[in-house]
Amino acid sequence: MSQPRLLVVDDDQSINSIFEFVLQQAGYYTITTTSGQECIDIIKSDQPVDLVFLDLKMPGISGIDTFKEIQ
């Protein structure tokens, strides 16, 4: 069984770092990004993602708009 891949999206890099540390300690492969557009690009790429942690209030593309695009 392959390691689950989690994507953390938050415009606050310190939040991303905390998520990344905790999730990696729990055995998950973690990708972080600070924008909705980067999240969309990752989802549309060939990188499989099992779960997305998405901040709702971000500059540029909001979390709500990002969610609508990736669902």
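Biologist: To begin, is K44 buried or exposed?

Modeller: K44 counts as exposed, at 59% relative accessibility. Buried means under 20% relative accessible area, exposed over 50%, and partly exposed in between, with a 1.4 Å probe and protein chains only. Please note that this is a predicted model, in which local features need pLDDT of at least 70 and side-chain atom pairs count only at pLDDT 80 or more, while totals for chains, interfaces and linings use all residues. Residues are numbered from 1 along each chain as its sequence is written, and side-chain values use heavy atoms, with hydrogens and water left out.

Biologist: Which side chain meets that of K44 in a salt bridge?

Modeller: The partner is E69, at 3.1 Å from N to O. A salt bridge here is a side-chain nitrogen of Lys or Arg within 4 Å of a carboxyl oxygen of Asp or Glu. K44 lies in helix α2 and E69 in helix α3 (residues 63–70), so the pair ties together parts that are 25 residues apart in sequence. Helices (H or I, at least four residues) and strands (E, at least two) are DSSP runs, numbered from the N terminus.

Biologist: And E69, how accessible is that one?

Modeller: E69 has 43% relative accessibility and therefore counts as partly exposed.

Biologist: How many salt bridges are there by this rule?

Modeller: The count comes to 1 salt bridge.

Biologist: Let us change topic. What is the order of the strands in the sheet?

Modeller: The sheet is open and has 3 strands in the order β2-β1-β3, with parallel pairing. β2 (29–33) and β3 (51–54) stand at the edges with a single partner strand each, so one side of each is left without a neighbour in the sheet. On average, neighbouring strands of this sheet are turned by 20° against each other, direction ignored. Two strands pair if DSSP finds at least two bridges between them.

Biologist: How many bridges join β1 to β2?

Modeller: There are 5 bridges between β1 and β2, which run parallel. Along this pairing, R5 stands opposite Y29, and V8 stands opposite T32.

Biologist: Why is β1 described as largely enclosed?

Modeller: 5 of the 5 residues of β1 are buried, so the strand is largely enclosed by the rest of the structure. In a regular strand the side chains alternate between the two faces of the sheet. Both faces of β1 are covered, with R5, L7 and V9 buried on one side and L6 and V8 buried on the other.

Biologist: Which helix lies across the strands?

Modeller: Helix α2 (residues 36–44) lies across β1, β2 and β3, and runs at about 160° to β1. Axes are lines fitted to C-alpha atoms, for helices over the stretch in contact, and angles run from 0 to 180 degrees between N-to-C directions.

Biologist: What does L7 touch?

Modeller: Not counting residues up to four places away in sequence, L7 touches several residues, among them I31, C39, I42 and V52. Contact means heavy atoms within 4.5 Å. L7 is buried, with a relative accessible area of 0%.

Biologist: Where is N16 placed?

Modeller: N16 is in helix α1 (residues 13–25). N16 is buried, with a relative accessible area of 0%. Leaving aside neighbours within four places in sequence, the contacts of N16 include V8, D10 and T33.
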